[in-house]
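Let's take a walk through a protein model together, starting with the overall layout and then moving to individual side chains. Please keep the viewer open as you read.

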Amino acid sequence: MSKTDLRIRPIYHRLRHRIEAHVCISFTAYCIYKELERVLYKEKSTLSVKKAAELTHNMYEITFTIPESKHTQSKLLKMDNLQTELYQIAQKNF
């Protein structure tokens, strides 16, 4: 992974706490990226990290509350086969 992929530069912040926050967020994103890469490799998935990220753009969950019982439920909306594979890998490893 290169600095371009990490997108840590250029930094347009001037205040110290904003620069530190930017670096922290960038580093956290990098850690998540590398962990996803590790998990996909471990699970012998054919998905690349880039493809996995693209698949998440169309994954939706709806959360609703049943008025009578005040019980809140969440439901994943229909996913294609690759999205289902990614979801199962995430459920198993995260």
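This is a predicted model: local features need pLDDT of at least 70, side-chain atom pairs count only at pLDDT 80 or more; totals for chains, interfaces and linings use all residues.

The protein chain has four helices and two strands. If you trace the chain along its sequence, these elements come in the order α-α-α-β-β-α. There are 94 residues, and 15% of them count as buried. The accessible surface comes to about 8000 Å², with carbon and sulfur atoms contributing 56% of that area. As for how the chain meets itself, take the contacts with a separation of 6 or more: residues 24 or more positions apart account for 41% of them.

Now for the loop between α1 (3-6) and α2 (16-42), which is where you will find H13. Which residues does H13 touch, once its neighbours within four places in sequence are left aside? They are R18, I19 and H22. H13 itself is partly exposed, at a relative accessible area of 33%.

Let's go on to helix α3, which spans residues 49-56. Here V49, A52 and L55 are buried. Looking down the axis of α3, you would see its buried residues fall within an arc of 120°, so they line one face of the helix. What lies over these buried residues? The cover includes α2 and α4, the latter running over 81-93.

Side chains of opposite charge can pair when their charged atoms come close. How many salt bridges does the structure hold? The count is four, and we will look at some of them in turn.

Begin in helix α2, where K34 and E37 sit three residues apart, about one turn of the helix. K34 and E37 form a salt bridge, and their closest N and O atoms are 2.6 Å apart. K34 is partly exposed, with a relative accessible area of 32%, and E37 also counts as partly exposed, at 32% relative accessibility.

Another pair in α2 is made by E35 and R38, which are again three residues apart, about one turn of the helix. In this salt bridge the closest N and O atoms of E35 and R38 are 2.6 Å apart. E35 is partly exposed with a relative accessible area of 28%, while R38 is partly exposed at 41%.

Next comes a salt bridge between K92 and E43, in which the closest N and O atoms are 3.2 Å apart. K92 belongs to helix α4 and E43 to the loop between α2 and α3, so the pair ties together parts that are 49 residues apart in sequence. Are the two partners buried or exposed? K92 counts as exposed, at 61% relative accessibility, whereas E43 counts as partly exposed, at 23%.

How many disulfides does the structure hold? The number is zero. A disulfide calls for cysteine sulfur atoms within 2.5 Å. C24 is partly exposed, with a relative accessible area of 47%, and C31 counts as partly exposed at 34% relative accessibility.

Our last stop is on the surface. Y60, I62, F64 and L77 form a nonpolar patch there, and together they have about 370 Å² of accessible area. I62 is partly exposed, with a relative accessible area of 41%.

Methods: Residues are numbered from 1 along each chain as its sequence is written. Side-chain values use heavy atoms; hydrogens and water are left out. Patches are made of residues with over 30% relative accessible area and no salt bridge: like charges are joined within 9 Å, nonpolar side chains (Val, Leu, Ile, Met, Phe, Trp, Tyr) within 5 Å. Accessible areas come from the Shrake-Rupley method with a 1.4 Å probe; for residues, only the protein chains shown count as cover. A salt bridge is a side-chain nitrogen of Lys or Arg within 4 Å of a carboxyl oxygen of Asp or Glu. Buried means under 20% relative accessible area, exposed over 50%, partly exposed in between (1.4 Å probe, protein chains only). Contact means heavy atoms within 4.5 Å. The arc is that of the directions from the helix axis to the C-beta atoms.
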